[in-house]
Amino acid sequence: MKPNIKNIAVLTSGGDAPGMNACIRAVVRTGIYNGINMFGVTQGYQGLINDSIIPMGARSVSNIIHLGGTILKTARCLEFKTEEGMEIAYKNLKSRDIDGLIVIGGDGTFTGARNFSKKYNDIKVIGIPGTIDNDLYGSDFTLGYDTAINTVIEAIDKIRDTADSHDRLFFIEVMGRDSGCIALRSAIASGAEAVLLPERFTSIDELVTQLALGASTKKSSSIVIVSEGHKAGGAYDIAKQVKERFNHYDTKVTILGHLQRGGSPSSFDRILGSRLGFAAVNELIKGNTREMVGLRGNEIKTVKIEDALNNHNFKLEGDLLEMTKVLSI
């Protein structure tokens, strides 16, 4: 089928996520395979305004599938939220006759894509969910989430060694914003004694009771995973409150922070990025716009960007939530 689109630009915006480069590679090479001229936008939406739009060929994306971060760079751009900023971006795209735009990022990225596409509907837009938070409706897994969990687990395993050696209680804060996906799965995979999630409030009293039970059964150390969006505060605040009521262990705090965003992507994220990039180009070829491609089950499906923004991703798995108590005794 002859594509009804001639020129496609791709950008990454917001927080970087492992697997973005695999996705960029798939977008560029799928477009070229179908006879489409491909462009890369550096620095996200800021690059659209600055006219940082470069042609990309098949060799432009050689040897990047294993790299973390994004070769196109990324940035947050307040100017793109204005009418004037969007107009500048539109003119820069039209000067190259670009009629398709693929954006890789999270909900902020998709909000910009939706607003831009509604104002300038002659440029078709497809979104790809790239965020370690796994908080977008329409995809069971977002790009970078699997790698981030593996990074967290590796760090916790190392912290466990020192915790056991010194009879310590470690509070480990992980990313996720308002989503506890990283915290919950890393807690199960690392054998943590407790996990604090934004979606399910755990009081300090409940946490102290749980830790005291472990101490009474001769646990030599304890690991508590704290999601950054927990209502009781960050890991330092929670650790201070717990220490005032329970001083059985020497207490330490570790904030993993942006460590979770870096590193070579897992095989899962490399394949997911490739599948999503391939699908995004094909959706543009079909003439679709304002849609997001995502993984549902083991199939790539589409959902309207509007729906991806207006719905929560999914409830945390009930069996995993129950396991955090059952397996920590």
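**Reading the model**

Analyst: Exposed means over 50% relative accessible area, buried means under 20%, and partly exposed lies in between (1.4 Å probe, protein chains only). This is a predicted model, in which local features need pLDDT of at least 70, side-chain atom pairs count only at pLDDT 80 or more, and totals for chains, interfaces and linings use all residues. Residues are numbered from 1 along each chain as its sequence is written, and side-chain values use heavy atoms, with hydrogens and water left out.

User: Which residue does Lys 91 meet in a salt bridge?

Analyst: A salt bridge is a side-chain nitrogen of Lys or Arg within 4 Å of a carboxyl oxygen of Asp or Glu. The side chain of Lys 91 meets that of Glu 87, at 3.4 Å from N to O. Glu 87 is partly exposed, at 36% relative accessible area. Both residues belong to helix H3 (residues 83–94) and are four residues apart, about one turn of the helix. Helices (H or I, at least four residues) and strands (E, at least two) are DSSP runs, numbered from the N terminus.

User: Why does a spacing of three or four places matter?

Analyst: An α-helix has 3.6 residues a turn, so residues three or four places apart point the same way. Lys 158 and Glu 154 are another such pair, four residues apart in helix H5 (residues 145–166), about one helical turn. Their side chains form a salt bridge at 3.5 Å, N to O. Lys 158 is exposed at 55%, while Glu 154 is partly exposed at 46%.

User: Which salt bridge links distant parts of the chain?

Analyst: One example is Lys 94 with Asp 122, whose closest N and O atoms are 3.2 Å apart. Lys 94 is in helix H3, and Asp 122 is in the loop between helix H4 (107–119) and strand E5 (124–129), 28 residues apart. Lys 94 is partly exposed at 33% relative accessibility, and Asp 122 is partly exposed at 32%.

User: How many salt bridges are there by this rule?

Analyst: The count comes to 17.

User: How do I read a helix that has a buried side?

Analyst: Begin with the span, whose expected value is 1.5 Å times one less than the number of residues. Helix H7 (residues 204–216) has 13 residues and reaches 18 Å from its first C-alpha to its last, close to the 18 Å expected. Next, list its buried residues: Ile 204, Leu 207, Val 208, Leu 211, Gly 214 and Ala 215. They lie on the same side of H7 because they cover an arc of only 120° around the axis, taken from the directions from the helix axis to the C-beta atoms. The face turned away from that side carries the exposed residues Thr 209 and Ser 216.

User: What covers the buried residues of H7?

Analyst: Contact means heavy atoms within 4.5 Å. The cover includes strands E6 (168–174), E7 (194–196) and E8 (222–227), and helix H8 (235–245). After H7 comes Lys 218, whose phi is positive, near 70°.

User: How many disulfides does the structure hold?

Analyst: A disulfide is a covalent bond between the sulfur atoms of two cysteines. Here it is counted as a pair of cysteine sulfur atoms within 2.5 Å. The structure holds zero disulfides. For Cys 181, the nearest cysteine sulfur is that of Cys 23, 20 Å away. Cys 181 is buried, at 5% relative accessibility, and Cys 77 is buried at 11%.
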